[in-house]
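Subject: Structure for you to look at, with notes

Dear colleague,

I am handing over the structure we spoke about, and my notes on helix packing and on a pocket follow below it. Please read them with the model open beside you.

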Amino acid sequence: MFMSWHEYTVFLLESIGIYNRDLMLHYYRKIKKFMIWYQLKYGIMEKDIPDTAEPKLESQKKAISWRRIARAIEKNDFYLRRLSFAQTKNDDRILMELIHKWDNLLNKNTITDDIKLQKIIQENF
């Protein structure tokens, strides 16, 4: 049996929460902001978010979908740039707190395609 992208997103968040509740809550808060922005800007309620959107629009960050949200989590996109968020000083502070609290969150062997996150890893390990 296959999951919908919505179900898969929830599964990913719950899976992260089993091992690191703080990280799960970080993702949850940012995803909630993403959804509120789409609701205010386009009137799209959470219940109306499609499972998928046109792939080209998703890659251009012009469409909301559960697939786009799940892919951001899959890619360990801490700042959620794939959802159009920018890196902030507050996110950097949260990341450093998580690193010190959960030393297994990031280490010199962490694989990520996020260049700014790679820089933080190199500077701290």
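In this predicted model, helix 5, which covers residues 89–101, packs against helix 6, which covers residues 115–124, at an angle of about 45 degrees and with the two axes 12 Å apart. The crossing in which helix 5 passes helix 6 is right-handed. On the side of helix 5 the contact is made by Asp92, Leu95 and Met96, and on the side of helix 6 by Leu117, Ile120 and Asn124. Sorted by class, the contact between helix 5 and helix 6 holds 4 nonpolar residues, 1 polar residue and 1 charged residue.

Helix 5 also packs against helix 2, and here the axes come within 10 Å and cross at roughly 160 degrees. Since angles over 145 degrees count as roughly antiparallel, helix 2 and helix 5 are therefore described as roughly antiparallel to each other. Their crossing is left-handed. Helix 2 brings Asp22, Leu23, His26 and Lys30 to this contact, while helix 5 brings Asp91, Ile94, Leu98 and Lys101. By class, the contact of helix 2 with helix 5 has 3 nonpolar, 1 polar and 4 charged residues.

Helix 2, which spans residues 21–42, has a further partner in helix 4, with axes that come within 12 Å and cross at roughly 155 degrees. Helix 2 and helix 4 are therefore roughly antiparallel to each other, and the crossing of helix 2 and helix 4 is right-handed. Where they touch, Ile31, Phe34, Met35 and Tyr38 of helix 2 meet Trp66, Arg68, Ile69 and Ile73 of helix 4. The residues of the contact between helix 2 and helix 4 divide into 7 nonpolar and 1 charged, with no polar residue among them.

The remaining item is a pocket. The second largest pocket holds about 180 Å³ of space, and its lining consists of Pro55, Glu58, Ser59, Lys61, Arg67, Arg68, Arg71 and Arg82. Which helices each supply at least two residues of that lining? They are helix 3, at 55–59, and helix 4, at 66–74. Divided by class, the lining of the second largest pocket has 1 nonpolar, 1 polar and 6 charged residues. When you look at Arg68, please note that this residue of helix 4 is in the contact with helix 2 and is also listed in the lining of the second largest pocket.

Note on methods
Residues are numbered from 1 along each chain as its sequence is written. This is a predicted model: local features need pLDDT of at least 70, side-chain atom pairs count only at pLDDT 80 or more; totals for chains, interfaces and linings use all residues. Side-chain values use heavy atoms; hydrogens and water are left out. Axes are lines fitted to C-alpha atoms, for helices over the stretch in contact, and angles run from 0 to 180 degrees between N-to-C directions. Helices (H or I, at least four residues) and strands (E, at least two) are DSSP runs, numbered from the N terminus. A crossing is left-handed if the near helix is turned anticlockwise from the far one by less than a right angle, and right-handed if clockwise. Contact means heavy atoms within 4.5 Å. Ala, Val, Leu, Ile, Met, Phe, Trp, Tyr, Cys and Pro count as nonpolar, Asp, Glu, Lys and Arg as charged, and the others, Gly among them, as polar. On a 1 Å grid over the protein atoms alone, a cavity is a set of points where a 1.4 Å probe fits but cannot get out, and a pocket is an open set with protein on both sides within 12 Å along at least five of seven lines; lining residues have an atom within 4 Å of a point. Grid points are joined across faces, edges and corners, and a volume is the space filled by probe spheres set on the points. Angles under 35 degrees count as roughly parallel, over 145 as roughly antiparallel, 65 to 115 as roughly perpendicular and the rest as oblique.
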